[in-house]
Amino acid sequence: MASILFYILAFVLLAATLLCVTCRNPVHAVIYLVKGFFALALMFYLLGAPLIAAWEVIVYVGAIMVLFLFIIMVLELAPREQPQGPGWKRWVPGLMLAAAVIFCSLLIIFQDPSAASGNPAHFVGPRAFGEALFGRFGLAVEVVSFQLLFAAVGAYYLGRYQPREQDKEETS
Amino acid sequence: MSDLLLSLALILVKLGLIFGVILGMAAYLVLAERKILGRMQLRHGPNRLGPFGLIQPMADVIKLITKEDFMPDQADKWLFLFAPGLTALTALLSFVVVPFAPPLTIFGRELPMVVCDLNIGLLYFLGISSLGVYGVVIGGWASNSKYSLLGAMRSIGQLLSYELAMGLALIPVVLSAKSFSLTDVVMSQADWPNLLKHPVAFLIFLVSIAAESKRTPFDMPEAENEIVGGFHTEYSGMRFGLFFVGEYINLVIIGSMLTVLFLGGWHGPLLPPIVWFAIKVLFVAFCFIWARGTMPRLRYDQLLHLGWKVLIPLALLNLLVTAAVLLAIG
C-alpha cells in the first residue's frame with residue numbers, strides 16, 4: 001500500500017515539476033511547484049517523518065515560494081499576450097494534481113487511522129529528530145548553515161549600493 | 001473498525017460544531033466591530049434591524065449573495081475564482097489544533113476538546129498561517145489591476161517580515177512547555193500564564209500576529225485611502241464576502257492563539273473552563289477593534305523597519321536569555 005502511494009506521489013511530483021518548468025505563466029509555475037512540494041511532504045510522511053513533512057510545508061511552501069511570488073510581482077513577469085487554446089488546458093492539469101494529492105492524503109488516513117489524530121503507527125517524534133539533527137549530524141548541519149551564511153553575505157556584497165562614476169563627480 | 005468509525009464521527013461532529021461557532025462568531029464580530037467603532041466615533045452604528053441591530057449580519061449576507069459577481073477584463077479566470085475560497089479555507093483550518101477546554105471523560109472514553117491534538121500543533125498553526133497569504137496574493141495578482149497588485153505585494157512583504165519574528169517569539173513558549181502540542185502548552189500554564197513568564201515574547205507575538213493578519217495599524221495591504229481596497233479591489237458579492245469573513249475568522253484565530261499560548265488557555269478561577277476561554281478570546285478581539293478605532297496606520301517603510309530592525313533582533317535576544325535562564329534553573 002505504502003509503495004503504491006509512493007509511486008502515485010512520485011508521479012505527481014514529477015508531473016508538477018515538469019509543468020512548472022514548461023509553464024509560460026510564472027505565477028502558474030509557482031502554483032504547480034507548490035503542489036509538487038505538497039506531494040513531497042506526503043512522501044516524507046510516508047517515510048515516517050511527519051516533522052520533516054511539516055517543515056517542508058512551512059519552509060518551502062510557506063516561505064520560499066512566497067518569496068518567489070514576491071520577486072515575480074516586483075519584476076512584473078506576467079505574460080503580456082492572452083493565452084491561446086481552449087480554457088480547460090489551463091486548469092485541468094492543476095486540478096488533477098491537486099485532486100491526486102488530496103486523494104493520497106485521504107488514503108493515508110484510512111490506511112493508518114491513528115494518523116488522523118497526528119500519531120501515525122511508526123514515526124520519528126520531534127525530540128528524536130532534534131537529537132539526531134544536532135547530535136549525530138551536528139557537524140553537517142553547521143557546515144550547511146555556514147554555506148547559507150556565505151551565500152547571504154555574497155548576495156549582499158554583489159547587490160550592495162555603489163554610487164556611479166557620474167554621481168561621484170557631481171558630489172565632489 | 002467500529003472504533004475507527006466512532007473516532008471519525010467524533011472528529012466530524014467537532015468539526016461541524018466548530019465550523020458553526022466560528023462562522024457565527026465571525027458574523028457577530030463584524031457587527032461588534034461596527035458598533036464599537038461607531039461608539040468610539042460618537043455614532044450609533046447599525047441599530048435598525050432587530051433589537052440593537054442584532055439581525056444586521058443576516059442582512060449583510062443576503063446583500064452579498066444577491067450582488068452581481070463580476071470579473072475584470074483579462075483577469076486570470078480560474079485563479080481569480082479560486083483565491084477567496086483559499087483565504088477563507090486556510091483561516092478556518094487553523095482552528096483544528098486549538099484546544100478550547102480540558103479533555104472530558106464521557107462513558108469511560110477520554111474526549112479531547114480539540115479537533116486534533118497534533119504533537120506538532122504549533123508548527124501546524126505556523127504552516128497554515130503562512131499558507132493564508134496565497135489567497136491574498138493570488139487574488140491580487142489574478143485581478144489584473146494595479147491597485148490589487150500593489151496590495152498583494154504589500155501583503156507578501158509584510159508577511160515575510162513578521163513571520164520570522166512570530167516564529168522566534170514562540171520558541172520560549174515551546175521551551176517552557178517542552179512540547180509543540182498546544183494542549184501541553186496550556187497545561188504548562190496551570191500556575192502562571194505565559195504572559196507573566198515571557199512578557200517580551202508576548203509583545204513580539206502580539207505585534208507580529210497583528211501584522212500577519214493585516215489588522216490596523218498594519219492594514220497597508222488594503223489601505224483604502226491609498227490603494228482603494230488593495231487585493232480585494234476587483235472583487236464583489238460573495239467572493240468579496242469570503243475575503244471579509246476570512247479576515248474576521250482570523251480575528252477569532254488571533255484571539256484563540258493568544259489565549260492558548262500566552263493568556264493561560266482555559267485556566268481561570270470559578271467559571272467553567274470553556275467560559276474562561278471564550279472571555280479571553282473575546283477580550284483580545286475587543287482590544288484589536290479598540291486599536292483600530294484609536295491608532296493611525298503605519299507607513300510601509302516604518303513597518304518593515306519595525307519588523308527587521310527591532311522585532312527580529314529583540315526576539316533573538318529574548319530567545320537567548322530565556323534559554324539561558326531555563327538551562328540554569330534546570
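The pLDDT is the predictor's confidence in each residue, on a scale from 0 to 100. This score is needed at the outset, since the structure shown above is a predicted model. In chain A, the score is lowest in helix 7 (residues 165–171), where the mean is 64, and highest in helix 6 (residues 138–158), where it is 90. For chain A as a whole the mean pLDDT is 79, and 81% of the residues of this chain reach 70 or more. Where pLDDT is low, the predicted coordinates should not be read in detail.

Leu97(A) belongs to helix 4 of chain A, which covers residues 88–111. Its relative accessible area is 7%; because buried means under 20%, Leu97(A) counts as buried. Leaving aside residues up to four places away in sequence, Leu97(A) is in contact with Val12(A), Ala15(A), Ala16(A), Leu19(A), Tyr32(A) and Lys35(A). One of these, Val12(A), stands 85 residues from Leu97(A) along the chain, yet the C-alpha atoms of the two are separated by 6.2 Å.

The description now turns to the interface of the two chains. Chain A contributes 35 residues to the contact and chain B contributes 30. Together the chains bury about 2700 Å², and 78% of this area is on carbon and sulfur atoms. Of the area that chain B buries against chain A, 22% is supplied by Trp78(B), Tyr134(B) and Trp141(B), more than by any other three residues.

On the side of chain B that touches chain A, at least two residues come from each of helix 1 (2–40), helix 3 (77–93), helix 4 (121–142) and helix 5 (146–177) of chain B. Helix 4 of chain B gives the largest share, with nine residues. By residue class, this side of chain B consists of 21 nonpolar, five polar and four charged residues.

Ser256(B) is part of helix 10 of chain B, residues 237–261, and is buried, with a relative accessible area of 0%. A polar atom of the Ser256(B) side chain lies 2.6 Å from the backbone oxygen of Val252(B). Apart from residues up to four places away in sequence, Ser256(B) touches Phe95(B), Val98(B), Phe277(B) and Val281(B).

Notes: Residues numbered from 1 in each chain as written. Chains lettered and ligands numbered in written order. Predicted model: local features only at pLDDT ≥ 70, side-chain atom pairs only at ≥ 80, totals over all residues. Heavy atoms only, no water. Helix = DSSP H or I, 4+ residues; strand = E, 2+ residues; numbered from the N terminus. Buried < 20%, exposed > 50% of the residue type's maximum accessible area, 1.4 Å probe, protein only. Polar contact = N/O pair within 3.5 Å; in protein donor to acceptor, adjacent residues only side chain to side chain. Contact = heavy atoms within 4.5 Å. Buried area = accessible area lost by both parts, 1.4 Å probe. Nonpolar A, V, L, I, M, F, W, Y, C, P; charged D, E, K, R; others polar.
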